[in-house]
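Hello,

Here is the structure we talked about. Please open it and read the notes below alongside it.

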Amino acid sequence: AVVSTQSTGGDNMKLDSIVAYLPKNAKPFATSIITSVTSGTNVQEFIESYTELTDPQYTQLLVKKLDKKKERNMVFAQKQSLLEQLKTEENSANLLNMACNLIFIKQHSTLLHVPGRCTSAVVKHISRDFTGPQLETINASLGAVVAELREESKMTEEQKQALRDLVTEVLFGKQTDEQ
């Protein structure tokens, strides 16, 4: 799983009060969903519990799959939006998050929405396909963002441009200045 969340006791109290409104036979599945989401460890348990909970015998929830054509259009529009933002973004943490999202879209043809605190997990996931200079660039960018967040140093303009170039290379292939 790419995303891991941390929850406070107060959040669980709110979720438990929601579970109380469900039919008795649905409560174990809802509780299992809450446990798997808040612990962030068992994706398979979440999927199984979610499938059971959305079964018509337990709840009247209707879950529709996205229309593939609409989904493609949505992914394309988000990709174009991120590409435009990437060109002008100055905040290094946002820049890295956008770069990771664009690379993830290229690798998996689907959108990714995660909070910034999960960026290192996303970098780990997307960098499995990288070798040599690409791997060095993405890891150096992550290191620079972490250092900047710790107020140890700032990400240089060269590092930001290297990250932008990496995204361009991954999305469109090798680009030269002459093109």
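**Helix 4 and the cores**

The buried residues of helix 4 are covered by elements that include helix 5 (92-108) and helix 8 (157-172). Helices here are DSSP runs (H or I, at least four residues), numbered from the N terminus. Buried means under 20% relative accessible area and exposed means over 50%, with a 1.4 Å probe and protein chains only.

This is a predicted model: local features need pLDDT of at least 70, side-chain atom pairs count only at pLDDT 80 or more, and totals for chains, interfaces and linings use all residues. Residues are numbered from 1 along each chain as its sequence is written, and side-chain values use heavy atoms, without hydrogens and water.

Which residues of helix 4 are buried? They are Glu71, Val75, Lys79, Leu82, Leu83 and Leu86. Seen down the axis of helix 4, they fall within an arc of 105° (taken from the directions from the helix axis to the C-beta atoms), so they line one face of the helix. On the other side, Lys69, Lys70, Phe76, Lys87 and Thr88 are exposed.

Next, the cores. A nonpolar core is a set of buried Ala, Val, Leu, Ile, Met, Phe, Trp, Tyr and Cys residues joined through side-chain atoms within 4.5 Å. The largest has 30 residues. Leu96, Ile138 and Leu163 have the most contacts inside it. Helix 5 gives the most to this core, with 9 residues. Apart from it lies another core, of 8 residues, among them Ala26 and Phe29.

Best wishes

Technical notes:
Helices (H or I, at least four residues) and strands (E, at least two) are DSSP runs, numbered from the N terminus. Contact means heavy atoms within 4.5 Å.
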